[in-house]
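Visitor: I've got this assembly open on my screen and I'd like a tour. Can we take it one question at a time?

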Amino acid sequence: MQEAMINKAKQLLADGTVDRVIGWKRGEFAYDITPAVFETAEELEKEFVFDDFTAANVSKYLVKESKKEGKILAFLKPCDTYSFNQLTKEHRVVRENVYIVGIPGGPKLDAEKIKAKGITGILGVKNENYTLKIDTVYGEETMPFYEAILDKCATCKSKKHVVYDELIGDEGEVLDSNRFDMVEKLENMTAQERYDFWRGELSKCIRCNACRNVCPACTCEKCVFDNPNSGVENKAPADSFEENMFHIIRAFHVAGRCTDCGECSRVCPQHIPLHLLNRKFIKDINSLYGEYQAGEDTTSRAPLNDYKQDDCETTVVHERGVE
Amino acid sequence: MLKISLDKLDKLFEAISASQTLYIPVDREDGAAEYKKYENGMKLSSALNTLRSAKDFFFPQTENLVDFKMEGQNIEVIDVREESEDFVIFGVRACDARSFTILDKVFLAEPVDSYYKNRRDHGTVVTMACTRPTETCFCGTFGIDAAAPEGDAACYSDGESLFIEAHNEKGQKFIDSISSLLEDGDTAKLEAVRAKTREILKKLPLANLTTDNFGGDKLNEYFNSDKWGELSESCLGCGTCTFVCPTCQCYDIKDFNTGHGIKRFRCWDSCMYSDFTKMAHGNPRLTQLERFRQRFMHKLVYFPANNNGEFGCVGCGRCLAKCPISMNIVKVMKALEVK
Amino acid sequence: MQVNDNKDFQPLIVAFCCNWCSYAGADLSGTNRLNYPTNVKIIRVPCSCRVNPMFILRAFQRGADGVILCGCHPGDCHYTSGNYFTRRRMTLLFSMLDFLGIERDRTRVEWVSAAEGAKFAATMNEFTEAVRKLGPNRRLEDLRCRKQ
Amino acid sequence: MKRIGVFVCHCGTNIAATVDVKAVAEALGHEPGVVISQDYQYMCSESGQNLVKNAIKEHNLTGVVVCSCSPRMHENTFRKAAASAGLNPYLVEIANIREQCSWIHKDIASATEKAIILGKAAVAKVHLNSPLTAGESPVVKRALVIGGGIAGIQTALDIAEAGFDVDIVEKNPTIGGKMAQIDKTFPTLDCAACILTPKMVEASQNEHITIHSFSEVADVKGFVGNFTVKIKKKARFVDETKCTGCGLCTEKCPMKKVPNEFNMGLDNRTAIYIPFAQAVPKVATIDPNYCMMLQKGKCGICSSVCSVGAIDYKQEDKIIEQQYGAIIVATGFNPIKLDKYDEFAYNQCPDVVTSLELERLMNAAGPNGGTLLRPSDKTHPHKIVFVQCVGSRCDDSKGKPYCSKICCMYTAKHAMLIREKYPDTDVYVFYIDVRTPGKNFDEFYRRAVEQYNVHYIKGMVGKVTPRSDGKIDVQASDLLANEQLHIDADMVVLAAAIEPDKTARPLATMLTTQMDTNDFFTEAHPKLRPVESATAGIFLSGACQGPKDIPETVAQASAAAAKAIGLLVKNSITCNPCVAHSDELMCNGCSSCEKVCPYGAITYIDKEFRMPDRTTAIRRVASVNPAVCQGCGACTVACPSGAMDLNGFSNSQIMSEVDAICK
Amino acid sequence: MNNDTLIPYIGVVTDIRQDTPDVKTFRVVSPEGGKVFEHMPGQCAMLSIPGVGEAMFSITSSPTNKEFMEFSIKKCGCLTTWLHAMDVGQQITIRGPYGNAFPVESDLKGKDLLFIAGGIGLAPLRSVINYVRDNRANYGDVQIIYGSRSKDDLVDYKEIIDEWMNDTGIEVNLTIDNPQEGWDGHVGFVPNYVKELDPSINKTVLICGPPIMIKFTLAGLKELGFKETQVYTTMELRMKCGVGKCGRCNIGNKYVCKDGPVFRFDQLGELPDEY
């Protein structure tokens, strides 16, 4: 696949279709892959990588990149195309300046999951028939591939690209994922249990803003949390309230816009399952206002910018689940 | 050297925590380790290092500096400082231990930061030698020996016993307070373990990374390097690297109106943030390139320039593991290096 | 469930009322001398759709024990559709607060028309009582703001 | 930091009895920025206003807080006072310590405490108020009257009299409304047609009035001074401009079995019809549900007999669009349906009729040519029972909670007319109360009782049972005599409650006006602004606002006209400056705000910006049209970055109020 | 515990002077009377209204003034707007003094001095000018070149006219950007005026003003033959702590709040171009 992508990129660069390519660049280790822009065939040959660790969603970079002169080739996984579509819908990217090549999705691996097994000194990771052979300073270790995949890939919602100019590989399908299982599990807890769960999670927040800064829905020119005039600006989780406030408002601001790409949880240094907040909104929207998948198209009305006269009343919250 | 059997660690912790607050690294459900206030029954984490650095003990993410009461035209200043209680941080790794001396150079320089000093004076750092360094470790680059950590007192494990020795008076006082649990031990096996650790350290992928080409005199070589654009291109401008970094100490001072007074607090800030240097009429670091450059120039050039060549990095590897887009000081050093 | 019914607790209730219906309804309950507790403090907004979730969280941060939002009945919005948006926004927000384990009864949306002075008073009595039973807001307060 | 003056009103004892106003003034005097804090007996009085004005000048105030009654009451009073003292009127905030404090609380200590908090919130808000200047928007000098009954006609005539163009939209083929169906009017007993039809003709002949009969309002956009209305002219299959109203077609039409709605279905009309002789416009209309030509494509007689060729079977509904400066709602009323009142056997027995049906039965143009006969067997009734309050003053879900107001009087009228014309007929009236407030009303009622010997019985009719002998058994209780009665009546007349027309509710939604729970339009103020709706530029005329008799309706119709004229004479109106605005530097151009704006006030422009790195970039940003924006604030919440904010109710202002309240 | 520099003192504003349409000068004393602390010319202090903000301002009064400190503050942000709106008697918080100072007791001693200021840039120089006036014997000739947008924008105009211009051995050259009614003095931008006046290259120059003015003036001075080692300026960057710890004003290995704000141009040249 990596070869095919490099060849495609070289071809498109050569024939002038695109001027730049956004993809992923090899790191020091097996897993520390960085999104990068390539401009020449040499760079691509040398550093372009596409493997089990190229999980990063590069759509958000296109907000900036698509406004530059010339056209950029973006390799988008199915989940990334949803983000891209949503950005197009919100006029945040210039569609004409992006040439999208759809590439197969994950599952991608999570180095943190390998490390959590106590495996240290990782020198190389190989996938042999869905068993990971991990070469370490302390000898070779193995673990099942599926135990090391990213959470976001474990609950993949779709292997189908919703936008592309060209595809490499076969098109997949929308999956019947079990992505709401955890949300449901929490809904079935008592309020006290839910409170304790979230206090435990959110108290870990160091307010590094990685979740926000990586989020393709968070592309505000100025975030309310950075704006001294917004009344909610803050830099540090100075009180448990601040942690709640930040995450509630962030989730609310992306409600109906979040495509469930899972990047927030992937990048959280504290492993807070932030995607659950977004998924709760998605689940509510689906069940209360009809199935809606942000990013599926570029024309539909976002659920929060829409209404029906016979929408349920807010009391629906009181009427269901566990108190 | 004095030692205690590893299976008696509980006793040791109980004894320490009886007289002062004890913090030890413990495992969290998600596999990460974090410092927790010791309570009976807690188990010392076997992880190499804690997810957050140990700097929190002396330089917490937020702290209240001073309170104000406003009444008409008048302002009352309320000093909220209190003498810290004595505490012990146990199990600090060599890299984090070194970070304290780096933070000291900032906070204990004149004028001394009394908030930091207060906690530093009351905290005893008990370090723990590494036996299982990992691929992201590069403390050796900064002359740190993971098998011989600094700190007020240091501990070493040979797999059976925990050996402990004092590095200064504070450390000695600590050892004295638990001496009844300790016995003299033979260090032969320990020395073998340490030698093995040092062998592993040499085999790590970053073992050959050196600071030879960095330092206070390298401003011109690196500041205008054309590499910064490429390196910073994918930086998200989040604060993860700075917040997990044991030596990053930039802070912001903010006021919070509680409705019945003003709390002035300081909190960690990040030079990676777009508003870090923003003023009413402009920003000297306009793009992520400048902000990204600042962080690494500070650690590799500016800090050594002011501190006799000491670098502002201890090679703990947290940023290597945690950066959402895996851009880090090692990649920067390798890309920039002019030999 | 709270066993203690917090008889002596005086909750602080912030009520956001839309200018056209609910604020007028509140006025009417005054004109008709229909009592409700002093715990309720009303903030006038042009439309219920002006109420940003941030305002609600802000109130809780600052020590409110309950927040109620009143607007025109669906279909009667002075601005045609404002309260329809309110309804969606608040349903999702309240659901999220519930998801985080914040007591459901601390938040409410009620449609009160300009003619429903009695409903306004009754709603406020009832809501205050419901919040009183819950006791002080502890799960969504900012400790720094707690009154010493 | 603002220099704020606080003015606490006693409102006589309205506030001062439950709120310690001195303590409020004293406490607010310590708030930051407050340089003067005073209390006064009546702040809204001239001397009270002067107190505010003088303080503004003397203390160089940059903000004013008045703790008084509801801002809905006197906000404008104090804003004007401030403006006259040179302070921008939008630097005034009202703390509502009467309706929302003193009137609802009894304990002085806690009410005072609350008043102080409300005052603090207003002070906190006024700190963040900025001076606002109202923009202007032009007024289209044309009015629309919706409904062509006596209310609509009167309003239209008055507006036209003032020299403005006015359009009447009437859903029926003719104007005239309910009054056209009425026989005589109380308390003078003059003929309704005699006084109404000249007005109808006057309306049709007035050069300023355009009548859109058989038409409906399809869509309303815009705002005061500048409404754009789509009017649907329903197909009547007759060219209005050609039809002379000769009536030949109606005579020749073979389809003669169409229930005649003008006569309450008591007789029939033809498929092509003119509702009544004096209809305006006097133009035939084809009822497509019954016309053979339109239903089956066979017939065409009307077309062949029409000498002017006015029949057009292919006519379709037509939408016309027109701008208006003001809209007057005059949609009127209908008697309620009596389907739920089985006890009165209305559906079972043709001789149980409603009062409006009785009007037609007694009318010379009615089904019996003015002779009162029983609908069942066309015999003369000798005993008639009137039942009052059928569906009015009900606390169950069948009827209406309100008093329909006109029934007592028209029943007295009916009773009197019957007794006058048919002295052999006994008339019984069952009533709960007889309500006769009004000029010469009680005298009228007393004449019915004393002069005409109408049997008024205070009591309820329990059951009405048609008997096989054609009589109707009326079971009732006489509350004064405390006995059960059985009356063998020949006819029973039910005074059915009246309710707003069914078209009113969807119309209210289009107009963005409010209705009460009974679907009557809500006036802007129940006492002081009874003919205006809360929505600027929309006025209320007649029974759409509440039950009314004819004199009251006409009075209100003229009042609504006066209000509308007051608007139309202006060349432009001052816009509400409390509108949304977008901070272009923060705007993402994402279109969320545009999606939630009910007025289409937000558009997007591509604007060139100087970026921080000194390059320029074109960015898509939102732009609000302040003349179109009505200031609801929906956009402010839809905007994730907070770029969109609302003048007068900004994020920071509301948050500062929250803070002050929660302090 | 020892006093910490982050814990401020209280200052009382005893006088407010409207200097220009957007500049006010505030007189600050300690609640007990007298100055809150001593300072040297060029040093700064952190002023704050708790809850509103805290910012660094140069102390415009001379250390030789033993009664009070003065700050000339231009209205440009949240805090300064607040300060401009306050009344006499208002308390503020104040901490400092921060930063280095102009070397009035070393390098500048005995020298002929040329002060060049633009707009509010006079504020830090006024401290030095008055210090020099009060220790006249220690310094040589003094020339002041001061320009602003208009006559109304000249800060401390009254003091300049009434005091400075009447001092012997002080030459004051004023200029405004554009011609104005009631102004018969020089019209033109400061850098050009400096070249026109062609000051002796033996002078030591102290310059402060908007960056663009400094840039062109410096270039002009170099043309005239001045060396970078002869020219001092004072800088402004976002600061929080004032003591070189918070990291905000870091340029290269310098912290403007601690190592500055006064720099000689040759020192600035060694720093990365990030100010």
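Visitor: How much area do domain 1 and domain 2 of chain E bury between them?
Guide: Buried area here is the accessible area (1.4 Å probe) that two parts lose on being put together, summed over both. Carbon and sulfur atoms carry 53% of it for domain 1 and domain 2 of chain E. The total for that pair is about 1,400 Å².

Visitor: Which residues of domain 1 of chain E lose the most area to domain 2 of chain E?
Guide: Three residues of domain 1 together make up 30% of what that side buries. They are Pro41(E), Thr60(E) and Thr64(E).

Visitor: Before we go on, what sort of model is this, and how are things labelled?
Guide: Residues are numbered from 1 along each chain as its sequence is written, while chains are lettered from A and ligands numbered from 1 in the order in which they are written. Local features need pLDDT of at least 70, side-chain atom pairs count only at pLDDT 80 or more, totals for chains, interfaces and linings use all residues, and side-chain values use heavy atoms, with hydrogens and water left out, all for what is a predicted model.

Visitor: Back to chain E: what bounds do the domains have, and how many Å separate their centres?
Guide: The bounds come from an automatic or database domain assignment. That assignment gives domain 1 as 9-98 and domain 2 as 113-234 in chain E. Taken over C-alpha atoms, the centres of domain 1 and domain 2 of chain E are separated by 23 Å.

Visitor: How many salt bridges are there between domain 1 and domain 2 of chain E?
Guide: A salt bridge means a side-chain nitrogen of Lys or Arg within 4 Å of a carboxyl oxygen of Asp or Glu. In chain E, the side chains of Asp156(E) and Arg17(E) meet in one at 2.9 Å, N to O. Between domain 1 and domain 2 of chain E the count is three.

Visitor: Which strand gives the largest share of the side of domain 1 of chain E that touches domain 2?
Guide: Helices (H or I, at least four residues) and strands (E, at least two) are DSSP runs, numbered from the N terminus. Strands E1 (9-20), E2 (23-29) and E5 (69-74) of chain E each supply at least two residues of that side. The largest share, four residues, comes from E5(E).

Visitor: Arg505(D) and Asp76(C) meet in a salt bridge; which of the two is buried?
Guide: The pair sits at 2.8 Å, N to O, and joins two chains, because Arg505(D) lies in helix H14 (residues 504-511) of chain D and Asp76(C) in the loop between strand E3 (66-71) and helix H3 (82-99) of chain C. Buried means under 20% relative accessible area, exposed over 50%, partly exposed in between (1.4 Å probe, protein chains only). Arg505(D), at 27%, is partly exposed. The buried one, at 8%, is Asp76(C).

Visitor: What separates Arg79(D) and Glu75(D) along their helix?
Guide: These two form a salt bridge, with the closest N and O atoms 3.6 Å apart, and both Arg79(D) and Glu75(D) are buried. An α-helix has 3.6 residues a turn, so residues three or four places apart point the same way. Arg79(D) and Glu75(D) are four residues apart in helix H3 (residues 71-84) of chain D, so the separation is about one helical turn.

Visitor: How many salt bridges does the rule find across the interface of chain B and chain C?
Guide: Chain B and chain C bury about 520 Å², and strands E11 (251-257) and E12 (262-268) of chain B each give two or more residues to the side that touches chain C. Three residue pairs are in polar contact (both at pLDDT 80 or more); that term means N or O atoms within 3.5 Å, where, within protein, one must be able to donate a hydrogen and the other to accept it, and residues adjacent in sequence count only if both atoms are side-chain atoms. As for salt bridges between chain B and chain C, the number is zero.

Visitor: Which backbone nitrogen lies 2.6 Å from a polar atom of the side chain of Asn363(D)?
Guide: Asn363(D) is in the loop between helix H11 (355-362) and strand E21 (383-390) of chain D, and is buried at 10% relative accessible area. Its side chain has a polar contact of 3.2 Å with that of Asp183(D). The backbone nitrogen at 2.6 Å is that of Ala365(D).
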